[in-house]
Amino acid sequence: MLLNYKAPEYIFVDQATFTELDEYQIIDSNSIIQPTNPPVFFLQKWNDFKHKKAWKLLEITNKYKNSKLSWVATSQLTTMTDHLKNADFQHLAQMSEAHTLVGLARSSNANPKFFLPPRNLSWTKDEILHKIRDLLYKLNELNEHKCLSYFLAYAFKGKQHDYYHLEDIPPDFGSMQIDNDNILQFSINALRHHCNNDTNVTAMVKLGGLQILMAVYQYLKHDEQVAEEIGKLLSVASLNRDLIQDIFLTGWISILFEWKDHKNFRIQSWANRTLLNMDDEDPINGNYMFGKQTVLLYPRSRYNKDAKIDVVLVHGLLGGVSFSWREKDLHINEPLGLFDMNNKNESHNSSNSATLKGPVGEDMQNYLDSYKEVKAREWDLIGSDFEFVLNDIPHKENLKGNGPYSLQGNNSNVRQTALNEGYSQCWPSDWLPTDEEGLRVIGVDYSTTLSEWLPSCPLKQKNHRTLEGRTDKLMHQLLAIGIGDRPIIFLAHSMGGLLVKNMLVTASNSNDPNVRKLFEKTRSVFFFSTPHHGSPLATLNSAYRFFLWPSVEVDELRTDSPKLVSLHNDFLECLKDNPMKIVTFAESLPTEFTALKVPILCVPKDAADPSVGELYELPLNHMSICKADSKLSFVYQKTLAVIKTVAAYSS
């Protein structure tokens, strides 16, 4: 009643107490509870029962961890929101254990009121900067890292330290423009770079780093780059089960719940990856640990039905899950800079997504506009009179090409295209599961560079960036998430196709059945402009090569290099043991690079032709060939047709 005092943000419950619950008993893992005395039960108010049942369900999910009982109790709890007051939600949230809150966060229909906002730290910028600086120094004392030492010497010039003098700092760091406006952002980036392994991230958590990150987030709440860096840090921390309680106690689960539907696809991906790694109660994916290079794109929420097929997306040079596989937009054919291509990885706001899409053709647009005016039950009748040639139809194909090239107007995909105006940040995960049940879509993320002029970590060995180095790391992470336990379909763009080939060849030659299954379970591979025989971009003249200073990744793509020839011959040989379906999409339009002032056909048809399977030459360039513009795209319909065939065969 002291009106001059600020109301407390929380009422902390030392011990969860459940009262007046004895009249309810557990029946089984499906019905959960029912009253022990039905006559008494029916005399009670229905709202009172709902209130008590919610507390009982919370008790069950808290108590029976890692059981079907807990999973079903959590599912039922998410549906009991109509008769709960705000105070009830807050009380339930404070009584929830870490695994309960994670389960609620990964449920598809959880009410946001189940999640309390983190405590408001209200630290000033100077306080935050002082704490994060001390954290970085302590971490570097425990495990020195050259990048972090350079950064500390350059960013905090006024502090005495025993690291490097300013004159010893490499030019990469000296070129950074660090000032009072961006020093927090750079500090978070340095912290993320240092804490990329279990040892360093554990030390960061034990030194109070999660609370410091929360203060930074609250201070820079609308900075998406900071949110993405924090998401990466939390994802690495989630790989250690011992740190889950720390993540829970510092309030990050509530933030992750908000982020899992963020408009920025990368923030969304890191949040979903972190929540999944903490959710060992997920009946299908709970036993898997998704590392830095793998992300579960579908299903994003808890799902109790196992998948029939794994669809794995592998991007190419300078690509990423959020860039390579997004829906095609109006900016896709703009000139690209060699050194700023990562700036193309912009997230698209759904509010202006309609302006990002290209025209679908006058006839098609007239049909779609008129069709929105008719009732759904009349769709089949009207649509049967129309047939639409798919977008990006191939202008050449080999003898094995067999479409599909058109759709009837009453096809469900035509209807969905007419009614759906949203923009897809990843068309394989957004569209394929809606047209074929039983898919699990996995994204592969790895960093690449075109030029050695770009700054890189001095501790990162170049052999880790070769095909062999990347193959070993990627295979380990794919096997760790169950790739090989069910039929596999690979969608691979550019250099990603070489990675897939190298993985399949390596797996086929392995004596370990757990590794060989990755080859044996592969049913199809889609190559999107994969340079099987090299790329002109890697065979520039001496002047261009000096300007570009090609990276390890680019140098491996030299036209007809012995390495690529040997790999392709080995791949063709292993197909004799597993005659998987091969589909190739080849580009026919050049990609313009502003730095070279010349358009380049990155992967000509002869270089993209694997001499096996179906080959289609599409009127697209290297960057747009893996981006379907709608469900009426030839790329999408061909991919869907093969998946349906594999699904039918697997069944």
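**Entry 1: Asn180**

I looked up Asn180 and found it in the loop between α8 (171-174) and α9 (183-194). Helices here are DSSP runs of H or I with at least four residues, strands are runs of E with at least two, and both are numbered from the N terminus. This is a predicted model, so local features need pLDDT of at least 70 and side-chain atom pairs count only at pLDDT 80 or more, while totals for chains, interfaces and linings use all residues. Residues are numbered from 1 along each chain as its sequence is written, and side-chain values use heavy atoms, with hydrogens and water left out.

Is Asn180 buried or exposed? Asn180 is exposed, at 51% relative accessible area. The cut-offs I used are under 20% for buried, over 50% for exposed, and partly exposed in between (1.4 Å probe, protein chains only). I also checked Asn180 against Lys125: they are 55 residues apart in sequence, and their C-alpha atoms are 9.8 Å apart in space.

**Entry 2: Asn264**

Next I went to Asn264, in the loop between α14 (252-259) and α15 (265-278). Asn264 is buried, with 2% relative accessibility. Its side chain reaches the backbone nitrogen of Arg266 at 2.9 Å. I count a polar contact when N or O atoms lie within 3.5 Å; within protein, one must be able to donate a hydrogen and the other to accept it, and residues adjacent in sequence count only if both atoms are side-chain atoms.

**Entry 3: the open sheet**

I traced the sheet next. Eight strands form an open sheet in the order β3-β8-β4-β9-β10-β11-β14-β6, with mixed pairing. The edge strands are β3 (294-298) and β6, each pairing on one side only. Two strands pair if DSSP finds at least two bridges between them.

Inside the sheet, β9 and β10 are parallel and share six bridges. Leu491 has Phe526 in β10 as its bridge partner.

Then I followed β14 (residues 614-618). Five of its five residues are buried.

Which residues stand opposite Tyr616? From β6 (residues 396-397), which runs antiparallel to β14 with two bridges, Glu397 stands opposite Tyr616. Strand β11 (residues 581-587) runs parallel to β14 with five bridges, and Phe585 stands opposite Tyr616.

**Entry 4: helix α23**

In α23 (residues 513-520), I found Val515, Leu518 and Phe519 buried. They cover an arc of only 100° around the axis, so they sit on the same side of α23. The arc is taken over the directions from the helix axis to the C-beta atoms. Their cover includes α21 (467-480), β9 (488-493), α22 (495-508), β10 (522-528) and α26 (562-574). At the N-terminal end, Asp512 caps the helix: a side-chain oxygen is 3.0 Å from the backbone nitrogen of Asn514.

**Entry 5: core and cysteines**

The largest nonpolar core has 74 residues, and Met204, Trp252 and Trp259 have the most contacts inside it. Such a core is a set of buried Ala, Val, Leu, Ile, Met, Phe, Trp, Tyr and Cys residues joined through side-chain atoms within 4.5 Å. Beyond four places in sequence, Met204 is in contact (heavy atoms within 4.5 Å) with residues including Leu135, Cys195 and Leu233.

Last, I checked the cysteines. How many disulfides does the structure hold? It holds zero, counting cysteine sulfur pairs within 2.5 Å. Cys574 is buried at 6% relative accessible area, and Cys602 is buried at 5%.
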